[in-house]
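Please find below some notes for a first reading. They take the points one at a time.

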Amino acid sequence: MSDNDQQLRVSKIRNGTVIDHIAGGQALNVLAILGIDGTSGDSVSVAMNMPSDRLGHKDVVKVEGRELSQDEVDVLSLIAPAATINIIRDYDVIEKRRVERPAVVEGVLECPNHNCITTEDEPVASRFAVGDDGVRCEYCDTIIRDNLPAHILAE
Amino acid sequence: MRHDHIISAKQLSRGDIETVLDHAADIAADPGAFADRHSDTLLGMLFFEPSTRTKMSFTTAMKRLGGDIVDMGSVESSSVKKGESLADTVRVVEGYTDALVLRHPMEGSAKMASEFVDVPLVNAGDGAGQHPTQTLLDLYTIRENAGFDDLTIGIMGDLKYGRTVHSLAHALTTVDARQHFISPESLQLPRSVRYDLHEAGAGIREHTELDEVLPELDVLYVTRIQAERFPDESEYREVAGQYQIDAETLEAAKDDLTVMHPLPRVDEIAHDVDETTHAKYFQQAHNGVPVRMALLDLMLGGDQ
Ligand SMILES: [Zn+2]
């Protein structure tokens with residue numbers, strides 16, 4: 001069975017974004033990193049651990065009424081590098097995007113160094129430079145290599 | 001050299017470093033020639049934690065250039081106590097002064113503060129982070145005594161928490177020094193620093209004993225191992241004792257070995273070393289003034 005057939009198990013959306021090929025089990029982290037928590041009223045559907053030819057298991061997220069920008073998509077590269085993004089208008093895919101690793105992610109991750117100025121009540125967003133095998137705080141130089149989802153900032 | 005703010009020694013190229021050190025050497029040779037250089041300049045001193053020595057050194061440097069300082073005073077007596085953010089504090093004080101010196105207990109504070117001000121800001125230490133003027137005076141002392149060519153340096157003590165060490169080690173990659181790091185295993189260089197040094201193409205070697213490398217060294221940079229890094233007093237004594245040097249230790253060293261220390265020391269360098277020709281740590285401390293004069297002069301446009 002192809003990935004395409006699997007997509008049908010989640011209801012189609014009229015306008016919005018379908019994020020496919022998320023590594024199995026990462027869907028909720030994808031929502032967290034995008035700051036989507038359901039409070040805006042838009043319908044969000046999540047399918048987890050669907051069989052996938054490419055990934056073994058994959059998650060799929062559909063967000064009705066919201067088109068993700070390339071910057072938002074790129075942040076996903078931290079936790080879902082294989083993700084593919086389909087922008088939907090009137091039930092048609094009008095654009096396909098791939099995630100690309102951004103040079104910097106801002107306001108997405110929380111610095112694990114409790115003595116870092118970005119963890120204080122200051123008017124500054126966290127900023128991490130993205131490297132080949134980790135991210136580095138641009139303020140205190142702390143490197144996060146493993147388990148990035150654990151460092152996603154709570155909205 | 002053109003940097004609005006001096007936040008980290010990492011931002012300085014070899015050319016920048018040489019520019020500051022050359023200028024410091026000119027100033028040290030004839031300080032009187034610079035006495036009226038900045039007679040209208042006010043330097044704002046924002047020390048959020050006590051550091052008497054660094055503060056005195058900056059104050060001396062500014063006054064020897066003909067300028068003056070404005071001091072926030074201790075945190076207890078300032079509006080910071082009332083919960084003002086650092087971003088607000090620096091935006092207020094920059095209106096009073098021509099440049100700022102910031103010492104703050106949190107990492108990244110100087111970088112953040114610099115994003116809110118237009119006057120030049122010098123980082124005088126941000127938590128366990130950077131302290132670039134210490135690095136510059138260390139480099140000045142190394143260059144004066146051992147030179148940068150074919151330099152072999154040993155850095156010993158607390159390499160895990162010692163920011164002085166991290167900053168110096170990084171700067172030494174710009175002069176291609178051979179670097180040996182001597183410490184107990186529990187206080188070796190942190191991952192981020194080792195990563196940076198490798199990225200910069202540094203040849204670094206780590207040791208647990210000084211004997212292994214002492215005879216090769218042109219410079220031995222000693223730092224303090226603090227008791228609070230150890231679970232109990234007896235373990236601290238045992239470990240720290242292995243990284244103390246005295247005049248006898250140095251008999252195995254080259255005749256022209258330069259021994260440095262950022263001071264204050266406790267017992268990691270015995271007083272009998274002071275009498276040897278190796279001891280350069282007081283000279284190193286004194287070098288803080290011409291180096292900071294040079295940096296301030298360059299930042300405030302003295303090169304134009
Ligand atoms: Zn940080």
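1. On the side of chain A that touches chain B, the residues comprise 9 charged, 7 nonpolar and 4 polar. Keep in mind that this is a predicted model.

2. The extent of the interface can be given in two ways. By contacts, 20 residues of chain A meet 21 residues of chain B. By area, about 1,600 Å² is buried between the two chains, and carbon and sulfur atoms account for 51% of it. Of the area that chain A buries against chain B, 33% comes from A:Asn115, A:Ile117 and A:Tyr139, more than from any other three residues.

3. Salt bridges also cross this interface: the rule finds 3 between chain A and chain B. A salt bridge joins the side chains of A:Arg136 and B:Asp196, with 2.9 Å from N to O.

4. Confidence in chain A should be read by region. The mean pLDDT of chain A is 88, and 92% of its residues reach 70 or more. Among the elements of chain A, strand E4 (residues 84–89) has the highest mean pLDDT, 95, while helix H1 (residues 3–7) has the lowest, 49. Over residues 5–9 of chain A, pLDDT stays under 50, and the model has 8 contacts for this stretch beyond four places in sequence.

5. In chain B, B:Arg265 is placed in the loop between strand E9 (258–260) and helix H9 (281–286). Is B:Arg265 buried or exposed? B:Arg265 counts as buried because its relative accessible area is 16%, under the 20% cut-off. The side chain of B:Arg265 makes a polar contact of 2.7 Å with that of B:Asp274 and one of 3.2 Å with that of B:His271. Leaving out residues up to four places away in sequence, the residues that B:Arg265 touches include B:Ala270, B:Tyr281 and B:Phe282.

6. B:Asn145 belongs to helix H5 (residues 132–145) of chain B. B:Asn145 has 27% relative accessibility and therefore counts as partly exposed. The side chain of B:Asn145 reaches the backbone oxygen of B:Thr141 at 2.8 Å. Residues up to four places away in sequence aside, B:Asn145 touches B:Thr258, B:Lys280 and B:Gln283. Between B:Asn145 and B:Arg163 there are 23 Å in space, C-alpha to C-alpha, the two being 18 residues apart in sequence.

Technical notes:
Residues are numbered from 1 along each chain as its sequence is written. Chains are lettered from A and ligands numbered from 1 in the order in which they are written. This is a predicted model: local features need pLDDT of at least 70, side-chain atom pairs count only at pLDDT 80 or more; totals for chains, interfaces and linings use all residues. Side-chain values use heavy atoms; hydrogens and water are left out. Contact means heavy atoms within 4.5 Å. Buried area is the accessible area (1.4 Å probe) that two parts lose on being put together, summed over both. A salt bridge is a side-chain nitrogen of Lys or Arg within 4 Å of a carboxyl oxygen of Asp or Glu. Ala, Val, Leu, Ile, Met, Phe, Trp, Tyr, Cys and Pro count as nonpolar, Asp, Glu, Lys and Arg as charged, and the others, Gly among them, as polar. pLDDT is the predictor's confidence in each residue, from 0 to 100. Helices (H or I, at least four residues) and strands (E, at least two) are DSSP runs, numbered from the N terminus. Buried means under 20% relative accessible area, exposed over 50%, partly exposed in between (1.4 Å probe, protein chains only). A polar contact is a pair of N or O atoms within 3.5 Å; within protein, one must be able to donate a hydrogen and the other to accept it, and residues adjacent in sequence count only if both atoms are side-chain atoms.
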